[in-house]
Structure formats: C-alpha cells, structure tokens
Amino acid sequence: MNGPSATGGMADFSQRYQAGVNFGGWLSQYGTFDHDHFEAFVGESDVARVADWGFDHVRLPIDYPVLVDDGDADGYSERGFGYVDDCLRWCREHDLDLVLDLHQAPGYSFSTLDENRLFEDEKLQERFVDVWRTFAERYESAGDEVAFELLNEVVHSPDGAWNDLAHRAVEAIRAVDADRDVVVGGERYNSIGALDDITLVEGDDNVVYTFHFYQPHLFTHQHASWSEVARAYDTDVEYPGTFPGLDAFLDDHPEYRDGYGSLVGERIDREWIEAAVQPAVEFRRETGEDLYCGEYGVIDVASADSRVAWYRDVADVLSDLDIGRACWSYREMNFGLVDENRDVVNEELVDVVSRT
C-alpha cells in the first residue's frame, strides 16, 4: 500500500453516501439476458420507495453484456445504457445519489474465475478502459450525485494487474471528468483484509476505496447453496452467538480449519464486528483516504432476529466510523428487503439499514 495522500473530498463523499441499497439482480446477476426482465425488475416506484424509507443512495450493479450492442463488438447498446439513464433520472427525481458499479466486465466476473481473461488479455483491458471512458463521456454533465465503481469483487489478479488496470481506468475518466468520484476496491472479493494490497491513486481527492463486509461467512451465508463450506457445515447460526459443533465439523473437514478455526468457541457480537473492521480503521489512519462499504448482508434463511441484530450492529459500527454503506440487496437475491412480489420481508430490518 502506498503512503498517505491529500484528501479534500473525503468528508463530502461520506456525508452523501451514508446509507444505500443495492439493486442487485436487475442489470446484473439476472440469470437470463431478457429485456422484459430489465424493464420490470426495478422501476421508478421502487426508487421512490427506497427514498421514502430514508436511504440516501442506490448502488447499481451493471453487467457488461447489458451495455454491449449485439452484433457489434466495438459498439454499445443504447437500450442497455437506457436502463442506467432511467435509474439516474429516477434517483434525481427522488433525491438519491447513485453509484454505478461494473459488476461484470469484459472478460471478468467474480463468478467465473476459471474463464476470466481480463488480466492477461490487453485487448480486453483496452475495452475495460473504454467502457469507463464511455461512462465518463455519457455522464460528464451529471453532478456529484453520480459515482463510478470500477469493478466488483476482484479475484486472482496476477502480479498487481488489477492495480495497474484500475489506474488506467481512472486516468481515462480523468481525461474527461476531473472531479467524478471514483470507487476502487481490492482483491479477494473486495475483502476488508485486502485494502492493504491496493495501490493508491496518489494526489486524487475524488478516489474512494471500498470493501465488502459479510463476516463471519459461516453466519452471513449459512446454508448458502453456492458456498462449499456453508453447504458442508449446514448448521443454523444465531447472532449474537457461537458456532454449534464447529470444532467437530473442522475435525471432519480439516481443509477448512485454517480459514475458520479461529471461530471455534468465539462469540460473534458487536465487539467481534468492531474487531473485524479494524483493517479499515487502520487503512484510513495510515492513508487518510475515504472508505465505502459497497455491500453487507445476511442471507434470508437466517432467523429474523439474528438478521436484524447483525445488520444493526454493522450499520452502527460503520456509521460511528463515518464509513458509508449499501446493504445487499433491495429485491430477492437471497438477501432481499422485499420479495419477488415486492412485499417487505421485515419492516424492522428496513428501518435499520436505511438509517442515516
């Protein structure tokens, strides 16, 4: 990690992006590419509802295929960008700021690690930079209510390739827009522990660094079908509380002991969370840079009381540290505030995560 740099824009970003919600599942992680889905999954009424709840911003994950013009490898889709335009217009009308998050890039997705080629293919890297140049040109006239997040949850970037590519993208944005807030995350799925591996963009007051917080994984992702360790452990975990039978599980599955052995006999509670966010505290102390938690959440199969308690403690701890946050996620996606019919899953949970 590079040393401290000047940060004139820090307080301003933290004040504007205090409590947000992700619109996951709309233009990203949508299953099947389907314009009927894009036109229906989120609408202005959803944005108005989020504003009425008290959120101050939306984080909008966007997959690269939505932006690409079919049949033209060098072009972009006006229809795809139109969905982003719609979200921006709705957010403006309802006084919400907006983080545009590239969730899937050309040649990269956090869910297809064996297929990714972005960090080895110069043409894909040029395309990645051009995507952000295009965003900068398209939204140059937008005010400070729009921020750009370069790439979601980087994994397996060899030899600092992500740091180099992120700097190239920032440079391309700055050639068009000197003042746009740009959000940059680190490796290991935006792990809070990977903040130290980020090479800072020196002398740029409008770069903000981000992490995701889903700790401890065996609680927040209990029974998650896509998590190998959660499927194997297959145990209900309450918060606050401990991990039932974890030591015996790790005896049977020693391959997980290095990653989860420290949780044996450990009580997870607010004090535990305060300790878990210390890497962010140290990062800011050492660099003076602003931080943003772009995702945090608990899977919906956890008990309602545990979910509310964990979200409350995380939101309170981040708020006390003046770190903005965006919960995952608004609708469905195993973490939703509302279900497929847009019915609120838990009113108390909505109150907790929307508090600024």
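The axes of helix α5 (residues 78-93) and helix α6 (122-138) come within 13 Å and cross at roughly 55°. Axes here are lines fitted to C-alpha atoms, for helices over the stretch in contact, and angles run from 0 to 180 degrees between N-to-C directions. Helices (H or I, at least four residues) and strands (E, at least two) are DSSP runs, numbered from the N terminus. α5 and α6 are therefore oblique to each other. Angles under 35 degrees count as roughly parallel, over 145 as roughly antiparallel, 65 to 115 as roughly perpendicular and the rest as oblique. The crossing is right-handed, meaning that the near helix is turned clockwise from the far one by less than a right angle.

This is a predicted model: local features need pLDDT of at least 70, side-chain atom pairs count only at pLDDT 80 or more, and totals for chains, interfaces and linings use all residues. Residues are numbered from 1 along each chain as its sequence is written, and side-chain values use heavy atoms, without hydrogens and water.

Which residues meet where α5 and α6 touch? From α5 come Glu 78, Phe 81, Gly 82 and Asp 85; from α6 come Thr 134, Phe 135 and Arg 138. Contact means heavy atoms within 4.5 Å.

Now turn to helix α7 (residues 161-176). α7 has 16 residues and reaches 23 Å from its first C-alpha to its last. That is close to the 22 Å expected at 1.5 Å a residue, where the expected span is 1.5 Å times one less than the number of residues. Its buried residues include Trp 162, Leu 165, Val 170 and Ile 173. Buried means under 20% relative accessible area, exposed over 50%, partly exposed in between (1.4 Å probe, protein chains only). The buried residues of α7 pack against α6, β4 (146-149), β5 (181-185) and β6.

Next, look at the backbone. Where do the cis peptide bonds lie? One joins Gln 215 and Pro 216, with omega about -10°. Pro 216 sits in the loop between β6 (207-213) and α9 (217-220). Another runs from Tyr 239 to Pro 240, with omega near -5°. Pro 240 is in the loop between α10 (228-233) and α11 (246-252).

Phi is worth a look too. Tyr 189, in helix α8 (residues 187-190), has a positive phi near 60° without being a glycine. Tyr 189 is partly exposed, at 39% relative accessible area. His 223, in the loop between α9 and α10, has a positive phi of about 65° and is not a glycine. His 223 is partly exposed, at 28%.
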